[in-house]
Amino acid sequence: MLGALLSQIKEQLLQHPGLRVFFGCRKCDEPVEDYIEDASFDWTAEPTSEGIGTAETTLVCPKCGTEHVLVVIADAGEKRVYLPRAPDLAVLFHDNTHDHDGYDEFLAEYEPYEPYEVYSQSIRELSEIDMNAPISGTAKAALLKMLHLQCVAILEAYLSDRLISVVSNDDDKLTALIGSSDALRNKEVKLIEIAKQPDYLKRITKAFLQRFSFHDLEKAAKFYKAVLHVDLYSSDANKSEMDEVIQKRHHIVHRNGRDNDGRAVLITSLDVSRVKQLISDIVEHIELAYVEYRKDRYFDDIDDVLPF
């Protein structure tokens with residue numbers, strides 16, 4: 001199991017979430033090949049013109065140091081990548097617009113397992129890798145980056161699944177979540193859609209949570225405050241540390257492990273241990289609120305059925 005999980009983590013790192021591009025430097029014609037931030041079309045937007053996604057990334061020529069700004073535009077049917085400063089320069093890339101056809105159907109049928117149990121098992125498996133992986137040097141450095149990313153991924157999965165488990169079974173909490181999100185609260189809905197799908201609100205909200213990037217902890221905190229009346233953090237110091245963790249995650253994912261100034265981001269075993277402690281603090285904090293919520297709801301249900 002340990003080897004299989006390690007292979008899975010490595011595969012996730014290799015499957016970079018960005019868009020790989022290739023073009024010639026506009027100044028020295030040196031080939032430039034790297035990942036840039038991807039964009040996606042929002043099929044839930046109304047009107048559809050509001051769903052066009054854009055992303056901007058700056059790449060530096062490895063030979064002459066010229067900066068190239070690249071823009072990705074995601075329409076409903078295709079993607080375009082261009083350089084605003086050199087619009088005639090051809091950029092080669094794979095249009096992945098239709099690579100995940102069928103994913104919406106998968107999401108519609110997806111139901112989270114018990115989120116806390118999944119979280120606990122994931123942390124145990126990750127800790128086994130951290131303690132038992134017999135590697136050192138550059139391989140160890142790469143592994144620690146993967147473990148750092150996986151810690152954040154485990155937290156994201158928990159935050160998503162716990163919310164889904166609550167709002168899917170409680171209309172009041174569903175309403176509270178919708179009220180806490182501008183995207184959901186201001187969404188234009190046609191009555192015919194609600195008439196055709198009695199569970200329309202739950203389906204739309206569930207799809208939104210499954211696609212939401214829960215490493216945006218500021219927005220996630222608003223959701224949890226509205227739904228379970230709980231803060232994500234037990235202290236301001238923990239919040240500051242998690243902000244740094246998310247920033248490092250961004251550097252590893254989008255800049256191949258370098259910060260805005262081009263310096264390599266160093267992840268140590270102590271860093272990974274601390275990230276595990278920080279996400280544990282968040283999860284345990286939420287679980288206490290969730291237990292209280294379940295307790296209150298249980299007694300409310302009892303009151304509803306008792307004749308006295």
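Lys225 is partly exposed, at 43% relative accessibility, on a scale where buried means under 20% relative accessible area, exposed means over 50%, and partly exposed is in between (1.4 Å probe, protein chains only). Its side chain meets that of Asp231 in a salt bridge, at 3.2 Å from N to O; by definition that is a side-chain nitrogen of Lys or Arg within 4 Å of a carboxyl oxygen of Asp or Glu. Asp231 counts as partly exposed too, with 42% relative accessibility.

A word on what you're looking at: this is a predicted model, where local features need pLDDT of at least 70, side-chain atom pairs count only at pLDDT 80 or more, and totals for chains, interfaces and linings use all residues. Residues are numbered from 1 along each chain as its sequence is written, and side-chain values use heavy atoms, with hydrogens and water left out.

Back to the salt bridges, which come to 13 by this rule. Take Glu241 and Arg274, whose closest N and O atoms sit 2.6 Å apart. This pair ties together distant parts of the chain, 33 residues apart: Glu241 belongs to helix H10 (residues 236–254) and Arg274 to helix H11 (residues 269–305). Helices here are DSSP runs (H or I, at least four residues), as are strands (E, at least two), and they are numbered from the N terminus. Glu241 has a relative accessible area of 27%, so it counts as partly exposed, and Arg274 is partly exposed at 30%.

Asp171 and Lys202 make another such link, with their side chains meeting in a salt bridge at 3.7 Å, N to O. Here, too, distant parts of the chain are joined: Asp171 lies in helix H5 (residues 171–180), Lys202 in helix H8 (residues 200–211), 31 residues apart. Asp171 is partly exposed, with 49% relative accessible area, and so is Lys202, with 32%. If you'd rather look at a network of salt bridges, find Glu114, Arg162 and Glu287, which are linked in one.

Now for the second largest pocket, which holds about 170 Å³ of space. Pockets are found on a 1 Å grid over the protein atoms alone: a pocket is an open set of points with protein on both sides within 12 Å along at least five of seven lines, and lining residues have an atom within 4 Å of a point. Points are joined across faces, edges and corners, and the volume is the space filled by probe spheres set on them. Among the lining residues are Ser180, Asp182, Phe208, Phe212, Lys219 and Phe223. Helix H6 (182–185) and helix H9 (217–228) are the elements that give two or more residues to this lining, and H9 has the largest share, with three. By class, the lining has four nonpolar, two polar and three charged residues.

On the surface, Val189, Leu191 and Ile194 form a nonpolar patch with about 270 Å² of accessible area together. Leu191 sits in helix H7 (residues 191–196) and is exposed, at 70% relative accessibility.

Finally, check the backbone at two spots. His229, in the loop between H9 and H10, has a positive phi near 55° although it isn't glycine; it is exposed, with 59% relative accessible area. Asp29, also not a glycine, has a positive phi near 70°. Asp29 lies in the loop between strand S1 (19–24) and strand S2 (31–36), and counts as exposed at 59%.

Note on methods:
Patches are made of residues with over 30% relative accessible area and no salt bridge: like charges are joined within 9 Å, nonpolar side chains (Val, Leu, Ile, Met, Phe, Trp, Tyr) within 5 Å. Accessible areas come from the Shrake-Rupley method with a 1.4 Å probe; for residues, only the protein chains shown count as cover. On a 1 Å grid over the protein atoms alone, a cavity is a set of points where a 1.4 Å probe fits but cannot get out, and a pocket is an open set with protein on both sides within 12 Å along at least five of seven lines; lining residues have an atom within 4 Å of a point. Ala, Val, Leu, Ile, Met, Phe, Trp, Tyr, Cys and Pro count as nonpolar, Asp, Glu, Lys and Arg as charged, and the others, Gly among them, as polar.
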